[in-house]
Every structure is written in structure tokens, then in C-alpha cells.
Amino acid sequence: MKTAMVVWRCLLGSVVAGLALVSPAAFPPDIRVSANRHFLETVDGKPFFYLADTAWELFHRLDREDALRYLDNRASLGFTVIQAVAIAEEDGVDTPNP
């Protein structure tokens, strides 16, 4: 029970820390599955292209400055999604992030 609580606190902390890196204006609009269920679209009906980069250790290995530099770079390259993990496999619960 205690381990589960620690994991959930770490997960929540990582998600909140990650969201703090991005200004609200940088968030894409709400996204939904299209009526024909074949693609993603914004709530106003515009297609959303899911072009993702994987930065699995984003929350664990980078400090704020490096993370912002990385995210700015990926945005300038046209990526619309960054995939990361909240709790790292390599000692992600016991080792604090930068």
C-alpha cells in the first residue's frame, strides 16, 4: 500500500512538473476522434496530425533549461506530440530529477 502511494505521488508530481514547462498558449486545442473514426481532429473539425517524438527520460534527465530547449527545437521541426514517461524504469522512483 505504501509503495503504491509513493508511485502515485511520483506520477502526479512528474505530470505536474512536465505541464509547468509549457505555457498554456502552447497547448494544442482539444482533440477528439473524427465522426467516421478514421482520424484525429480538433473540436472545431480541423485535422490533427499526430507527429510524435519520444523523449522517454524528459522528466528525469533534463533540467528545465534543457527541456525547454528540446521542446522548442521539436516544435520548430513540426512535431505535434512528445511522448515521455512519468516514472522511469532506471530508478525513477528513488532518484530525484534535476
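Trainee: Where do I start? How many helices and strands does the protein have?

Mentor: Begin with the parts list. There are three helices and four strands in this predicted model. Along the sequence they follow the pattern α-β-β-β-α-α-β.

Trainee: And what share of the residues is buried?

Mentor: Of the 98 residues in the protein, 19% are buried. The accessible surface comes to about 7,400 Å², and carbon and sulfur atoms account for 60% of that surface.

Trainee: Which residues make up the largest nonpolar core?

Mentor: Six residues do: Ala55, Leu58, Phe59, Ala67, Tyr70 and Leu71. Helix 2 (58-61) and helix 3 (64-76) each supply at least two residues of this core. Helix 3 gives the most, with three residues.

Trainee: How do I read the sides of a helix?

Mentor: Start with the general idea. An α-helix has 3.6 residues a turn, so residues three or four places apart point the same way. Now the case here: Ala67, Tyr70 and Leu71 are buried in helix 3. These residues cover an arc of only 95° around the axis, which puts them on the same side of helix 3.

Trainee: What covers the buried residues of helix 3?

Mentor: The cover includes strand 3, helix 2 and strand 4 (81-83).

Trainee: And which exposed residues does the face turned away from the buried side carry?

Mentor: On that face of helix 3 you will find Glu65, Asp72 and Ser76. Just after helix 3, look for glycine 78, which takes a positive phi of about 95°.

Trainee: Next, salt bridges. What is the idea, and how many does the structure hold?

Mentor: Side chains of opposite charge can pair when their charged atoms come close. The structure holds five salt bridges. In one of them, the side chains of arginine 74 and aspartate 53 meet, with 2.5 Å from N to O. Arginine 74 lies in helix 3 and aspartate 53 in strand 3 (residues 52-54), so this pair ties together parts that are 21 residues apart in sequence.

Trainee: Are those two partners buried or exposed?

Mentor: Arginine 74 has 22% relative accessibility, so this residue counts as partly exposed. Aspartate 53 has a relative accessible area of 15%, so this one is buried. The cut-off that separates them is 20%, because buried means under that value.

Trainee: Which residues does arginine 69 form salt bridges with?

Mentor: One partner is glutamate 65, where the closest N and O atoms are 3.2 Å apart. Both residues lie in helix 3, four residues apart, about one turn of the helix. Another partner is aspartate 66, with the closest N and O atoms 2.9 Å apart. Arginine 69 and aspartate 66 are three residues apart in helix 3, so about one helical turn separates them. Salt bridges that share partners join Glu65, Asp66 and Arg69 into one network.

Trainee: How accessible are the members of that network?

Mentor: Glutamate 65 is exposed, with a relative accessible area of 56%. Arginine 69, at 48%, counts as partly exposed, and aspartate 66 is also partly exposed, at 27%.

Definitions and conventions. Residues numbered from 1 in each chain as written. Predicted model: local features only at pLDDT ≥ 70, side-chain atom pairs only at ≥ 80, totals over all residues. Heavy atoms only, no water. Core = buried A, V, L, I, M, F, W, Y, C linked by side-chain atoms within 4.5 Å. Buried < 20%, exposed > 50% of the residue type's maximum accessible area, 1.4 Å probe, protein only. Salt bridge = Lys/Arg side-chain N within 4 Å of Asp/Glu carboxyl O. Arc of directions from axis to C-beta. Contact = heavy atoms within 4.5 Å. Areas by Shrake-Rupley, 256 points an atom, 1.4 Å probe, with all protein chains shown as cover.
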